[in-house]
Amino acid sequence: MIEMIKVGRTYDPDITALSDISFSVETGEMFFLIGRSGAGKTTLLKLICNMETPSNGLIEVAGYNINKLKGKDLAHLRQRIGVAYQDFKLLNDRTVAENIAISMEVSYKKPRAIKNRVRELLDQLQLVDKHDTLTGELSRGEQQRVALARAVANSPRLILVDEPTGNLDASTTKQVMELLTRSNKAGATIVIATHDESIYQQSNHRIMELSNGRISSLTRGGKA
Amino acid sequence: MNFWFAVLRQTGRNLRQTWTSQFMTFLTVSLSVLIFAFFYLIYTNMIGAADRLSDDLRLIVYLEDEPGVEMQKQLRRKITNFDDVEEIHFISKAEAYERFAKQLGNDSDVLADMPKDFLPASIEVVPLKSLRGYSQIKLFSEYLASLPGTEKVQYGQEWVERFYYFTRLLTIVVLLSGTLLILTATFMVAYTIRLTIMGRQAELELLKLVGATNSYIRTPFLIEGLLQGLMGSIIGLSALYGLFQWISSHFAGPGLLNLFHFNFFPPVVIASIILGSICLCSLGSYTSIRKFLRI
Ligand SMILES: Nc1ncnc2c1ncn2[C@@H]1O[C@H](COP(=O)(O)OP(=O)(O)OP(=O)(O)O)[C@@H](O)[C@H]1O
Ligand SMILES: [Mg+2]
């Protein structure tokens, strides 16, 4: 699903966020990305969804060289990638339901289907009573879950999640992971960037550690 | 859910969010359509009146002497040498006398003492319909005046001249108000759409990230411009029609309006004005999209 070959990203003046990254993620895999703050996790996710372009190297997503895609093709690929951003990128003057609906509206889902899907997700994330609340009025943890709901709503093939449990207590974390696991079981490839050891240690998924923008280890979770 | 449903819903959101500036733009567009259409209406009616008047336009060439048959032939040839004409009538002194007597009617006895040949002979030239415009008529009359044996040429110069300058002034006013319409329609619409785009930068950014196609993002703004043009022109024209009806009913009877036989625009012109303002407003929104919507 994801193929990276010798990818690097530098920012002006000369900050090297990533360098010499080569790895691949299989279709249907759940993949963890860890590393200290500033290691380059967010940058890596942004490269995968083409929010940023690499300074060098090659990135393929679902068989497409994502940096060569333009216009409609890029839009259609993005519809199949759900991203929960570290800074959420919610529209604070819109309700929770409207925020989640956006990712389905752009691929012309029927209003009824959108409504049902929104209810279902809010139910799974214990946010049913926030349906009509403006997202600007939510707590960080609630906003985080709304961002996640928007990412998975359109049933994308690839889900990128940046720090999904940063503001959550143990039981809410468990619900979030259940939601992601369910999406994964349904066939979605999932990449999770996190500091939270509790969500990957007990799994048998692959874990890639970054430090200073390089791959420092690529292991499997403790359960294996 | 199809594309147009999504786009219309998005347009509705845009309109709701910036309705005050949308409303101001709508008013400005209607007002400029009203101003332009007002002058254009007067203009077309003037042109119509001018047309009808020039149908009756005749140049009368007064001759020094009664022309003989040979002379008539020659004059006819010389006139048609300059330009084809609709008709040429020779009016002998006797005919002129009879016509005059007829015009006087019951008072014709005042002519009793006059000799039958006191009026000059003349040629009545009916110019071609294509010979329009004051300067052409003037040139033609100068040419006629230069023919041998002619005394003077008459065609109601003063009246034609005034009418001509008035229509020319109106042309300028129409052009100016047309320019005003173009400026307000394009710039005001471009400006409001720019406001919308600026106010929703975050959302537009997000739409791109979740995979909205360019047309999904752009089309609502184009529709907004289109609606401004459509609504603005319809309201502007309706206002003018109301004004027209009011004037017609209040100033009916003998007067200027009846003289000119005032008409409202035919459907084709109405459609063109609406279409034109739609195009202008869409153009305005298009330029804003081009400039401020980086996709
Ligand atoms: N737009 C940018 N301009 C300049 N430097 C940047 C930019 N984005 C990221 N960086 C730098 O790149 C490095 C990696 O940042 P990144 O956000 O990927 O870290 P991270 O692993 O996600 O950290 P965290 O765990 O705190 O979220 C950092 O040193 C950061 O300062
Ligand atoms: Mg980060």
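## Helices H1 and H8 of chain B

Helix H1 (residues 3–17) of chain B crosses helix H8 (residues 214–250) of chain B at roughly 60°, and their axes come within 9 Å. H1(B) is therefore oblique to H8(B). The crossing of these two helices, H1(B) and H8(B), is right-handed. The model is a predicted one.

On the H1(B) side, the contact is made by B:Phe3, B:Trp4, B:Ala6, B:Val7, B:Leu8, B:Arg9, B:Gln10, B:Thr11, B:Asn14 and B:Leu15. H8(B) contributes B:Ser215, B:Tyr216, B:Thr219, B:Pro220, B:Phe221, B:Ile223, B:Glu224 and B:Leu227. By residue class, the contact of H1(B) with H8(B) comprises 11 nonpolar, 5 polar and 2 charged residues.

## Helices H3 and H5 of chain B

H3(B) passes H5(B) in a right-handed crossing.

From H3(B), the residues in contact are B:Lys78, B:Ile79, B:Asn81 and B:Phe82. Their counterparts on H5(B) are B:Leu139, B:Phe140, B:Tyr143 and B:Leu144. The contact of H3(B) with H5(B) is made up of 6 nonpolar residues, 1 polar and 1 charged.

Key: Residues are numbered from 1 along each chain as its sequence is written. Chains are lettered from A and ligands numbered from 1 in the order in which they are written. This is a predicted model: local features need pLDDT of at least 70, side-chain atom pairs count only at pLDDT 80 or more; totals for chains, interfaces and linings use all residues. Side-chain values use heavy atoms; hydrogens and water are left out. A crossing is left-handed if the near helix is turned anticlockwise from the far one by less than a right angle, and right-handed if clockwise. Helices (H or I, at least four residues) and strands (E, at least two) are DSSP runs, numbered from the N terminus. Contact means heavy atoms within 4.5 Å. Ala, Val, Leu, Ile, Met, Phe, Trp, Tyr, Cys and Pro count as nonpolar, Asp, Glu, Lys and Arg as charged, and the others, Gly among them, as polar. Axes are lines fitted to C-alpha atoms, for helices over the stretch in contact, and angles run from 0 to 180 degrees between N-to-C directions. Angles under 35 degrees count as roughly parallel, over 145 as roughly antiparallel, 65 to 115 as roughly perpendicular and the rest as oblique.
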